[in-house]
Amino acid sequence: MKKTLSKNNFHSVGNSVIRNDVIEKVTGTAKYIDDYKFGDMLYGATVRATVPHGNIKSFNSALALKIDGVIAVYTYKDVPGKNEVPFILNDYPLLASDKVLFHGQAIALVVAKTPEIAKFAAKKVEVTYQELPAINDVHQSLKKDAVKIFGNDNIFKRYDIIRGDAENVFEKAAVVVEGKYTTNYQVHAYLETQGMVADPQPDGSIVIYGSMQCPFYIHDAIVHILNVPQNKVRIVQTTTGGAFGGKEDVPSIVAAHAALAAYLSKKPVKIIYSREEDFQAMSKRHPSYIEMKYAADKKGKITAAQVRYILDGGAFSTLSPVVLWRGAVHAAGPYNIPNVKIEAICAATNKVPCGAFRGFGQPQTTFANESLIDELAVKLNISPLELRRINMMKVGSRTATGQKITRSCGLEKVIKQVVQKSDWNKIYLSPEKRTGTIRTGIGIAASFYGVGLGAGGKYLDRAGSYVQVQKDGTVIIAIGNTELGQGVFTVISQIAAEMLGCPYNFVRVLKTDTTRVPDSGPTVASRSTLMSGNAVRNAAGIIRLRIDKMVLEMLNVKSGAVKSNGKNYFLSSDPKKKVRYQDVVKKCYGKRINLTSNGWYAGEDVTFSQETGQGNAYYTYSYSATAAIVKVNTETCEVSVEKLVSGHDIGKALNPQLCEGQIEGGVIQSLGYALTENLIIKNGIMLNPSFAGYLIPTSSDIPEIIPVIVEEPYHDGPFGAKGLGEPPMITPATAIANAIYNATGWRTDKLPVTPEVLLDIKKHLWKKI
Amino acid sequence: MEKNIKFILNGKEVEVTVHPVKTLLKVLREDLGHTEVKAGCEQGECGSCTVIIDGKIVNSCIFPVGQAEGSSIITIAGLCKEGELHPIQKIFIEEGAVQCGFCTPGIILAVKVLLDRTLSPGDEEIREAVSGNLCRCTGYSKIFSAIKKAAVYMRTKK
């Protein structure tokens with residue numbers, strides 16, 4: 001155990017204990033899905049569309065079926081239930097029937113004795129198409145005369161959030177700034193590709209094992225496509241090699257493919273994606289196009305914000321409606337603005353579907369609003385920090401949806417610490433004062449983040465747990481959220497140990513399995529610590545009451561508060577009166593006391609209404625800000641990020657080392673988003689579906705990272721905790737863009753800001769001069 | 001055509017009868033059951049499949065097994081001695097340098113090659129040593145600090 005942040009009165013939570021899944025990970029014995037083998041196992045490969053938009057004219061699997069080792073080729077006709085993957089709008093077919101909407105869409109499944117044969121045979125399935133005009137970008141999609149690929153207007157979802165009277169304020173405002181911003185795709189690039197095994201059982205049930213974030217989503221999908229009762233489907237997560245949102249929705253497709261093949265062939269079927277296939281077929285961060293306006297008075301008080309926020313959804317809607325919603329709710333930025341008008345639209349194109357990715361629509365809107373805030377500062381001739389200080393959210397502020405912030409708002413503290421730890425005051429100079437070929441710059445971006453699903457997924461925001469103290473005092477826990485590398489099983493163990501009064505290393509969290517706890521929603525939206533943490537707190541608390549009663553009995557006292565130091569229980573009023581944890585457990589078992597309990601937690605009520613676009617969107621918010629220090633070579637336009645200071649108000653750091661890990665990992669994903677990660681899709685075809693063509697940060701690209709944690713407790717969170725997984729991905733990219741501006745005076749309206757983009761801005765400025 | 005190929009794997013002699021252009025990764029995982037070697041891209045880009053061959057780091061996913069004839073190969077399973085973790089493994093744990101764990105075996109092996117060469121690596125040497133190993137979770141920060149700490153520990157223990 002090492003450093004804690006604030007004064008910590010707990011024996012377990014708040015300490016940087018060693019994560020409990022780490023021995024198997026450093027020794028290589030952890031089993032990821034491709035490491036499992038079942039007797040008689042078959043292998044699946046997917047036949048994919050080779051055109052971006054077309055009617056299927058013919059389908060012929062005769063050649064593939066002749067190949068030695070091929071067992072079967074399955075199509076949509078073989079689906080016993082509904083041929084659709086149940087996301088939100090159910091527009092995504094499990095296997096294409098008469099038409100395809102993107103290059104790479106699944107059409108059929110080949111099942112064979114080896115993965116090599118299956119993949120070879122998949123290429124031999126002959127599909128011919130009548131090609132149709134394809135929609136390559138979202139602007140084209142929204143034109144009245146556009147080809148229609150979804151509904152009668154290509155719009156997956158639209159939200160309007162209106163507060164006050166922004167239009168009127170803009171007309172009379174002292175200062176108005178506006179900008180148009182675009183961001184590109186981002187690929188999750190988890191190191192373990194998608195993979196599933198489906199294992200049919202003699203009783204007609206089916207078990208799915210695999211790499212996933214959301215076992216309950218997969219459960220629903222399998223029931224839907226196989227048309228079997230819910231109690232015949234069991235989903236078990238295997239050790240998962242990174243996810244970041246990429247294993248939220250789309251594993252339902254992979255699992256449903258494996259399940260279909262296993263159900264029909266009556267053999268276990270494994271499907272593991274190649275890296276190229278994973279790039280081409282799995283969801284991505286949405287490209288965005290954002291028009292943004294701020295109005296302010298002469299002193300810098302922002303009086304109005306107007307946003308037109310458009311997402312390119314790709315061919316099917318997956319989770320686009322909720323990604324759009326989160327982005328829209330946060331689109332005006334973490335500021336107290338009385339008049340707001342936000343129009344948010346996600347539309348279809350003939351490209352790979354976009355879906356969940358850490359940040360969930362917010363990195364895009366943050367790029368727009370935080371770039372424009374800097375522009376507003378320039379126009380007002382005040383520092384970007386001062387402008388943020390004047391307008392930032394505090395207790396008493398209201399969000400764009402009219403939600404009053406009544407508690408747990410640490411944005412001011414976060415910005416203060418980030419400024420201090422980045423040496424802002426020493427480094428900041430206005431761009432016109434910077435000289436030389438290589439110029440230093442510093443920039444900041446801030447954000448707020450609604451923890452959990454909030455009103456976007458209200459009925460899903462609950463979680464169950466199961467806690468059982470064994471006879472020797474060790475503890476078994478089941479939760480419905482998944483361990484993805486973020487360390488949630490460790491944090492859950494810490495919470496249980498704290499509540500029960502046992503040592504942390506006595507607690508074991510079982511691999512997530514849908515038969516152990518009720519549907520606990522997805523492992524997304526930085527919700528696991530809050531939701532499953534509270535569910536475990538609930539269950540362990542029930543057990544603790546029984547334990548405390550026994551402690552009093554063993555100490556021969558009638559009443560009194562019982563405390564624990566993780567080894568012994570003692571009386572609060574007389575700490576010398578103590579009994580060993582394990583002795584109490586033994587006594588309880590001897591007296592036939594039940595040391596097992598289920599737990600449950602449901603989030604507080606939210607009031608957001610889709611009709612008015614107003615109301616409380618989330619229970620609570622985490623707040624963050626990042627300062628970036630960059631060096632820009634004004635000749636070559638190369639950017640080197642020197643330092644990132646990223647501060648986060650997360651309520652309470654239950655494990656500071658894991659929190660730092662989340663911050664450091666998130667900011668580096670955001671650095672990639674800012675500078676190098678540039679997926680190219682031309683005429684519907686992905687041109688760089690590999691790590692050679694799509695550049696995620698390597699060890700050579702890493703600046704100094706200073707994670708900063710601020711604790712403004714949330715009263716309903718476990719020990720005050722809010723959430724942290726997503727926020728580190730939201731602000732750094734924009735902080736880098738703002739730092740580039742500060743170094744050079746070059747304002748990018750595009751992410752990623754590659755040397756080519758900067759060179760373009762430089763040339764453009766030249767022409768002006 | 002299949003061939004008999006012999007090499008030393010984690011100190012023990014093994015023999016396989018496979019086509020010599022089959023990748024070492026597939027032979028290790030499929031024929032020899034060494035699933036601790038991970039397949040991340042099978043294009044030689046991510047380093048998840050890293051093994052040490054005669055003291056050098058190699059992406060086993062693009063290495064034909066025929067070329068391994070007579071060589072000595074170490075996977076992460078060969079790092080523990082009698083159940084005792086290697087100092088690099090211990091320090092990766094302490095420093096929080098592991099998240100999803102998929103890149104971890106490859107990175108630890110790359111670090112071993114570095115620290116076998118020098119116990120006083122500079123910052124640039126450290127970055128260079130793991131630059132062929134992608135990690136999407138950690139932002140590398142805690143990996144760097146673990147490497148530095150492991151070097152100090154191994155230097156003082158020597």
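The model is predicted.

**Stop 1: H14 and H15 of chain A**

Select residues 488-500 and 528-554 of chain A, helices H14 and H15. Their axes come within 9 Å and cross at roughly 30°. H14(A) and H15(A) are therefore roughly parallel to each other. The crossing is right-handed.

Now show the side chains at the contact. From H14(A), pick Val488(A), Val491(A), Ile492(A), Ile495(A), Ala496(A), Met499(A) and Leu500(A). From H15(A), the contact residues include Ser528(A), Thr529(A), Ser532(A), Gly533(A) and Val536(A). Further along H15(A), Arg537(A), Ala540(A), Gly541(A), Ile543(A) and Arg544(A) also take part. Colour the contact by class: ten residues are nonpolar, five polar and two charged.

**Stop 2: Gly533(A)**

Stay on H15 of chain A and centre on Gly533(A). Is Gly533(A) buried or exposed? It counts as buried, because it has 29 C-beta neighbours inside 10 Å. Leaving out residues up to four places away in sequence, Gly533(A) touches Val491(A), Ile492(A), Ile495(A), Pro718(A) and Ala721(A).

**Stop 3: Ser141(A)**

Jump to helix H4 of chain A, residues 138-142, and pick Ser141(A). Ser141(A) is buried, with 26 other C-beta atoms within 10 Å. Which residues does Ser141(A) touch, not counting those up to four places away in sequence? They are Ile135(A), Ala146(A), Asn154(A), Ala347(A), Ala348(A) and Thr349(A).

**Stop 4: H10 of chain A**

Select residues 362-380 of chain A, helix H10. At 1.5 Å a residue, its 19 residues should span 27 Å. The end C-alpha atoms are 26 Å apart, which agrees. Of those 19 residues, 15 are buried, so H10(A) is largely enclosed by the rest of the structure. Step one past the helix to Asn381(A), where phi is positive, near 60°.

**Stop 5: H2 and H5 of chain B**

Select residues 87-95 (H2) and 141-157 (H5) of chain B. The axes come within 9 Å and cross at roughly 135°. That angle makes H2(B) oblique to H5(B). H2(B) passes H5(B) in a right-handed crossing.

H2(B) contributes Pro87(B), Ile88(B), Ile91(B), Phe92(B) and Glu95(B) to the contact. H5(B) answers with Lys142(B), Ser145(B), Ala146(B), Lys149(B), Ala150(B), Tyr153(B) and Met154(B). By class, these residues are eight nonpolar, one polar and three charged.

Keep H5(B) selected. Its 17 residues should span 24 Å at 1.5 Å a residue, and the end C-alpha atoms lie 25 Å apart, which agrees. Highlight its buried residues: Ser141(B), Lys142(B), Ile143(B), Phe144(B), Ala146(B), Ile147(B), Ala150(B) and Ala151(B). What do the buried residues of H5(B) pack against? In chain B, the partners are H2, H3 (104-117) and H4 (123-129). In chain A, they are helix H17 (656-675) and strand E28 (704-710).

**Stop 6: where the chains meet**

Show both chains. The contact takes 39 residues from chain B and 40 residues from chain A. On the chain B side, H2, H3 and H5 each supply at least two residues. That side divides into 19 nonpolar, 14 polar and six charged residues.

Key: Residues numbered from 1 in each chain as written. Chains lettered and ligands numbered in written order. Predicted model: local features only at pLDDT ≥ 70, side-chain atom pairs only at ≥ 80, totals over all residues. Axes fitted to C-alpha atoms, helices over the stretch in contact; angles between N-to-C directions. Helix = DSSP H or I, 4+ residues; strand = E, 2+ residues; numbered from the N terminus. Parallel < 35°, antiparallel > 145°, perpendicular 65-115°, else oblique. Left-handed = near helix turned anticlockwise from the far one by under 90°. Contact = placed C-beta atoms within 7 Å. Nonpolar A, V, L, I, M, F, W, Y, C, P; charged D, E, K, R; others polar. Expected span 1.5 Å × (residues − 1). Buried ≥ 20, exposed ≤ 12 C-beta atoms within 10 Å, placed from the backbone.
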